[in-house]
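Work through the exercises below with the sequence and the coordinates open beside you.

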Amino acid sequence: ISSPATAPHPLKMFACSKFISSPSLVKSTSQLLSRPLAAILTDESLSSLAVSRPLTPLVSSHSFQTSTISRDINTTAKFIGARAGTVGVPGSGAEIGTVFGSLIIDYARNPSLKQQLFSYAILGFALWEAMERFCLMVTFLILFAM
């Protein structure tokens, strides 16, 4: 636990952060780091870091424009929601295959129940097909109605 006497002063910390995030310092440091070590040691590049440069303010004077960003976020969210709505479509196709596969297996076990098994299979097909249509309907509502 640090006492108030040993805690760093907020203005000193702000001045330090302004110095560290100075664009000229970042640029000169990145140029220095991109060169080979032998060129750095023989060149006078190190002295250029020691030259004092004017510190730029942290907050620029440009105004923020959030309308484009907000529109991009809304469009992205719309596409993510539409993709989530289409998740049920391939699952529905797989389940329709399972329904008719089960019809064939059950008919092979007991051919006398052909008519009743077929009506159950058509009912299962209709329910899974309706689920697929509902998923697509939600997807199109998300894309075109919102």
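The exercises that follow concern a predicted model.

**Exercise 1. Determine how helix 6 is oriented relative to helix 7, and state which classes of residue form their contact.**

Step 1: Helix 6 spans residues 88-109 and helix 7 spans residues 114-144; their axes come within 9 Å and cross at roughly 175 degrees.

Step 2: Since angles over 145 degrees count as roughly antiparallel, helix 6 is roughly antiparallel to helix 7.

Step 3: By class, this contact of helix 6 with helix 7 has 14 nonpolar, three polar and five charged residues.

Step 4: The residues that meet include Val 89, Ile 96, Phe 100 and Tyr 107 in helix 6, and Leu 117, Phe 125, Trp 128 and Glu 129 in helix 7.

**Exercise 2. Carry out the corresponding analysis for helix 5 and helix 7.**

Step 1: Helix 5, residues 67-85, packs with helix 7 at an angle of about 175 degrees, the axes being 8 Å apart.

Step 2: By the cut-off of 145 degrees, helix 5 is therefore roughly antiparallel to helix 7.

Step 3: On the side of helix 5, the contact is made by Lys 78, Phe 79, Gly 81, Ala 82 and Gly 85, which meet Cys 135, Thr 139, Ile 142 and Leu 143 in helix 7.

Step 4: These residues divide into five nonpolar, three polar and one charged.

**Exercise 3. Which residue forms a salt bridge with Glu 129, and is Glu 129 buried or exposed?**

Step 1: Side chains of opposite charge can pair when their charged atoms come close.

Step 2: With a cut-off of 4 Å between nitrogen and oxygen, the count comes to one salt bridge.

Step 3: Glu 129 forms a salt bridge with Arg 133, and their closest N and O atoms are 2.8 Å apart.

Step 4: Both Glu 129 and Arg 133 lie in helix 7, four residues apart, which is about one turn of the helix.

Step 5: Glu 129 counts as buried because its relative accessibility is 18%, whereas Arg 133, at 53% relative accessibility, counts as exposed.

Methods
Residues are numbered from 1 along each chain as its sequence is written. This is a predicted model: local features need pLDDT of at least 70, side-chain atom pairs count only at pLDDT 80 or more; totals for chains, interfaces and linings use all residues. Side-chain values use heavy atoms; hydrogens and water are left out. Axes are lines fitted to C-alpha atoms, for helices over the stretch in contact, and angles run from 0 to 180 degrees between N-to-C directions. Helices (H or I, at least four residues) and strands (E, at least two) are DSSP runs, numbered from the N terminus. Angles under 35 degrees count as roughly parallel, over 145 as roughly antiparallel, 65 to 115 as roughly perpendicular and the rest as oblique. Contact means heavy atoms within 4.5 Å. Ala, Val, Leu, Ile, Met, Phe, Trp, Tyr, Cys and Pro count as nonpolar, Asp, Glu, Lys and Arg as charged, and the others, Gly among them, as polar. A salt bridge is a side-chain nitrogen of Lys or Arg within 4 Å of a carboxyl oxygen of Asp or Glu. Buried means under 20% relative accessible area, exposed over 50%, partly exposed in between (1.4 Å probe, protein chains only).
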